[in-house]
Amino acid sequence: MAPRTPVPGTALAGLREDLAGEVLVPGDPGYDEARAVHNAMIDRRPAVVAQCATPEDVANAVLFGRETGLPIAVRGGGHSVAGASSVDDGLVIDLRRMHTVVADPEHLTVRVDGGATIGHLDRATQPFHLATTGGRASTTGLGGFVLGGGSGWLERKFGLACDNLLSVDLVTAEGKHVVASERENPELFWALHGGGGNFGVATSMTLRLHELPAMSFALLLFPPASGPAVLRAYRELAEGAPEELGGGVLYVPAPPAPFVPGHLVGRLVCAVLVTYAGPVARVHALAAGLLALRPVVELVQDVPYADLQCMLDDPPGLRNHWSAEYLDALPDEALDVFHALGDRIPRGTAIQHVLFPMGGAVARSAGRYPLPWRSAAWVVHPFATWEDPADDGRAVQWVHDVRSGMGPWATDAVYLNFIGAEGERRVAAGFGAENRARLAAVKAAYDPGNVFRLNHNIAPAA
C-alpha cells in the first residue's frame with residue numbers, strides 16, 4: 001500500500017544518495033521487517049524508513065523529514081508500547097545499525113551508540129565486571145530508556161540510568177550536532193534526564209560504570225493462595241534491605257522453563273525475584289523469611305549480570321499494554337487489593353502483575369532532575385502481553401482495573417517509560433508542573449517547531 005502523500009522522487013533519491021545506511025519504502029525487500037515493532041498491536045506503514053549508519057545519516061534524515069513535511073518517528077529498540085517508534089505515512093529514523101558499545105574500564109565509563117540495546121551494553125561491560133543500571137529486558141533500546149529516566153534492577157544501588165549519564169551527542173531539529181553535558185549545554189543536559197526524545201536524536205551517550213564483581217538472585221514460586229503472606233514477607237524484606245537488593249513480586253503464569261515442574265507450566269503463580277549486587281550467600285540470609293514460607297520452586301544462585309538481564313525478556317510479536325502506579329506506602333489493605341488483582345489475571349495470557357520496591361539511590365537524588373516519581377517507595381506495574389487479538393478487551397481492561405484498584409494509594413507521578421498513550425494529564429504527571437515549564441523552555445530553544453512530537457510530548461514554550 002502506497003503512502004497517502006507520495007514522497008517526491010527527487011527528494012527520495014537525494015536521501016538515498018546522502019545516507020551511508022539504507023532507505024526503504026513500501027514494496028522494497030525488507031520493508032515489512034523494518035517497520036515491525038515490539039508491540040504487535042502497532043501496525044503502521046511509514047512512507048520512508050531511513051536505516052541510519054552514522055550521525056551524519058541521522059542529520060541528513062532529519063533534514064529530509066523537515067523538507068518533505070513528513071512526521072518523524074525515531075526508533076531505537078522499538079519497545080515503545082504506544083508505538084512512538086513508528087508512524088503512518090511518515091519518516092522513521094531507524095538507529096539499529098548504530099549499536100557499537102565501547103567500555104573504558106580505566107575511567108569507569110562506557111560510550112554507546114544511539115541504536116544499542118541493554119543487551120549490547122551489558123555484554124560489553126560484563127568481561128570487566130562493570131555495569132550500570134539497565135532495564136529489565138535486554139532487548140530494550142538504550143536511547144529511549146536512558147533519556148526517559150531508566151529504571152532497573154541496580155537502581156537502588158547505582159541510581160537510575162540517567163543518574164549515570166555523563167554526556168549525550170544529539171542531532172537537533174535543525175540537523176545540527178550538539179553535545180550536552182554538565183559543562184556543555186547544561187540546561188539541555190538537565191532536560192535529557194527524563195525528557196525523552198523531545199529535544200533531538202541521541203546518536204551516542206557516555207555513561208558512568210560501577211564495579212560489580214558478583215551478582216546473584218533468588219527466584220521463588222508459590223501457589224497464588226500464599227500470595228498475601230508472601231507479599232507481607234517481601235514488604236518486610238524490602239523495607240529493611242540494603243541498597244544492593246532489587247527484584248519484586250510478580251503474579252504470572254509459570255513459564256516453560258527447565259526449573260519449573262511440568263504441572264505448574266501455564267498455571268498462575270506468585271513469584272518472588274530477589275536480585276542482589278553481591279554473592280549468593282547474602283541472598284540466602286536476606287530471603288530467609290520468604291524461604292520459610294516453603295516455595296514450590298526455589299532457585300538461588302550466582303549469575304552474571306548480563307544473564308540476569310535476559311531472564312524476563314518478553315518475545316517480540318506479542319500484543320502489549322502496560323501502565324504503572326507509584327505508591328508512597330504499601331499498607332496491608334493495598335497488598336490485599338494487589339493480591340486480588342493478581343488472582344484475576346485473564347487466563348490464556350502471559351500477563352505479569354508486578355510490584356517493585358524503590359528507594360535507595362533513586363530517592364536520594366529526588367528533585368535533581370525532572371522525575372517526580374523517584375521519591376515513591378513502591379511501584380505497581382501491570383504488564384500485559386498476549387497473542388490472540390480476541391483477548392484485547394479483557395487484557396486492556398485488566399490493566400485499567402489494576403490502576404483503579406491501586407488508585408487509593410497512588411501518587412500523581414508516573415514513570416513515562418512504563419506507560420503508553422494515556423493522555424495529556426498523565427504526561428504532565430510524569431514531569432510535574434514546575435519541571436514541565438522548564439522543559440518547555442528547553443524545547444523552545446532546541447525544537448521550537450515541535451518536530452520531535454511523536455513521544456510523551458512537551459510542547460515548546462510560546
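In this predicted model, helix α12 (residues 332-343) and helix α14 (residues 392-406) have axes that come within 10 Å and cross at roughly 170°. Angles over 145 degrees count as roughly antiparallel, and α12 and α14 are therefore roughly antiparallel to each other.

**Contact of α12 with α14**
- From α12, the contact is made by Ala334, Val337, Phe338 and Leu341.
- From α14, Trp398, Asp401, Val402, Gly405 and Met406 take part.
- The residues of this contact divide into 7 nonpolar, 1 polar and 1 charged.

**The sheet**
- An open sheet of 4 strands runs in the order β1-β2-β4-β3, and its pairing is mixed.
- β1 (22-24) and β3 (72-75) are the edge strands, each pairing on one side only.
- From one strand to the next, the twist averages 20°.
- β1 and strand β2 (residues 48-51) run antiparallel and are joined by 3 bridges.
- Valine 23 stands opposite alanine 50 in β2.

**Helix α3**
- Helix α3 lies across β2, β3 and β4 (91-94), and runs at about 175° to β4.
- Helix α3 (residues 55-68) has 14 residues, which at 1.5 Å a residue should span 20 Å; the end C-alpha atoms are 20 Å apart, so the two values agree.
- Buried residues in α3 are Asp57, Val58, Ala59, Ala61, Val62, Phe64 and Gly65.
- In an α-helix there are 3.6 residues a turn, so residues three or four places apart point the same way.

Conventions
Residues numbered from 1 in each chain as written. Predicted model: local features only at pLDDT ≥ 70, side-chain atom pairs only at ≥ 80, totals over all residues. Heavy atoms only, no water. Helix = DSSP H or I, 4+ residues; strand = E, 2+ residues; numbered from the N terminus. Expected span 1.5 Å × (residues − 1). Buried < 20%, exposed > 50% of the residue type's maximum accessible area, 1.4 Å probe, protein only. Axes fitted to C-alpha atoms, helices over the stretch in contact; angles between N-to-C directions. Parallel < 35°, antiparallel > 145°, perpendicular 65-115°, else oblique. Contact = heavy atoms within 4.5 Å. Nonpolar A, V, L, I, M, F, W, Y, C, P; charged D, E, K, R; others polar. Pairing = 2+ DSSP bridges.
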